Amino acid sequence: MLLPGAAELAGTHHLSDLHLSMDRWFSEMARALPWRSPDCSPWGILVSEVMLQQTPVVRVLPVWEDWMERWPEPADLASEPSGEAVRHWGRLGYPRRALRLHAAAVAIVEQHGGKVPDTHGALLSLPGVGDYTAAAVAAFAFGRRETVVDTNIRRVHARLISGLALPAPALTASEMRLAQSLMPDDARLSVQWNASVMELGALVCTARSPKCSDCPVRESCAWLAAGEPGPTYTPKGQAWHGTDRQLRGAVVAVLRVAASPVARELFERPAADLGFAADGIGVPLAALHRLNSAPEQLERALEGLLRDGLAEMHDGGLRLPA
């Protein structure tokens, strides 16, 4: 049964017409991303979905390509220490995702014969895989009819169906019901629908300055019909400068280039006293010290990395996990 917004849409423009319009638009306008290639493996799609969480495509592309060349199958990554996943995570941020991908690769090898499982339930059992990732991989890697809902899709649904400038700050049960009610019955079209709505949100129906004149479904848009009302709340951007997250990233940057454990005092001493040339470990150490973090914040960052498994103590110093 369609929810009220979807039912109204179906009564005026027919939901099937909406599906076909988005299908045609996606076929013509979608970006040629490597994980969308018919030749991309389910493992490549899983890696892309984890990397793309809260990270733009332009930053993910070179790291994904490096991972696929280095570890084309789950077994290739599973055979490496987990620290290598962190080392080659680059500057994507949230490096715990690298540890989760490594753990997922190990589980795929040990529990699924080295093959990415093909159902939502089995995918959900992998370490670090939540509802969104399980649905996305089941849909995009295996053609399953799954309801995929990310930030871009939520924003398109909010404007197109509900007439709102932005979706709620956090995903709600009613949003999920709406998304489910909009899904095509045909499996192939449902996969394309998920991908096309996601792409529309990324390229056209953006959070700031949406390109409504380029939208293939603008005539059906409840937000445009309502006169483009403003958001009911002010989105809060994530702070970065001066945060523990920035400092943790700077510490991990040091560990990524270090060939041996790094003594804790090297993180604490001013860069001018380190005696390093302006290359190798000296570069990220200098960047770390330019942050001028308080001693207690640095201590909190170091302890947090150890606690989260992103670093470990060895021979009196910190290194990436082995």
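Student: Which element gives the largest share of the lining of the largest pocket?

Tutor: Helices are DSSP runs of H or I with at least four residues, numbered from the N terminus. A pocket is, on a 1 Å grid over the protein atoms alone, an open set of points where a 1.4 Å probe fits, with protein on both sides within 12 Å along at least five of seven lines; lining residues have an atom within 4 Å of a point. Here α12 contributes six residues, the largest share of the lining of the largest pocket. This is a predicted model, in which local features need pLDDT of at least 70 and side-chain atom pairs count only at pLDDT 80 or more, while totals for chains, interfaces and linings use all residues. Residues are numbered from 1 along each chain as its sequence is written, and side-chain values use heavy atoms, with hydrogens and water left out.

Student: What volume does the largest pocket have, and which residues are the closest to its centre?

Tutor: A volume is the space filled by probe spheres set on the grid points, which are joined across faces, edges and corners. For the largest pocket this is about 2000 Å³. The lining comprises 46 residues, of which L52, Q54, D150, T151 and N152 are the closest to the centre. The elements giving two or more residues to that lining are α3 (42–51), α9 (131–142), α10 (151–160) and α12 (187–203).

Student: How should I read the second largest pocket, and which element gives the most to its lining?

Tutor: The second largest pocket holds about 840 Å³ of space. Its lining has 33 residues, with G93, Y94, W240, R245 and G249 nearest the centre. α14 gives the most, nine residues.

Student: How many aromatic pairs does the structure hold?

Tutor: Rings of Phe, Tyr and Trp (its six-membered ring) pair if their centres lie within 6.5 Å; planes over 60 degrees apart count as edge-to-face. The structure holds three such pairs. The ring centres of W35 and W64 are 5.4 Å apart and the planes stand at 75°, so this pair is edge-to-face. W35 lies in the loop between α2 (15–29) and α3, and W64 in helix α4 (residues 57–70), 29 residues apart.

Student: Are W35 and W64 buried or exposed?

Tutor: Buried means under 20% relative accessible area, and exposed over 50%, with a 1.4 Å probe and protein chains only. Both W35 and W64 are buried.

How values were computed:
Phe/Tyr/Trp six-rings, centres within 6.5 Å; stacked < 30°, edge-to-face > 60°.
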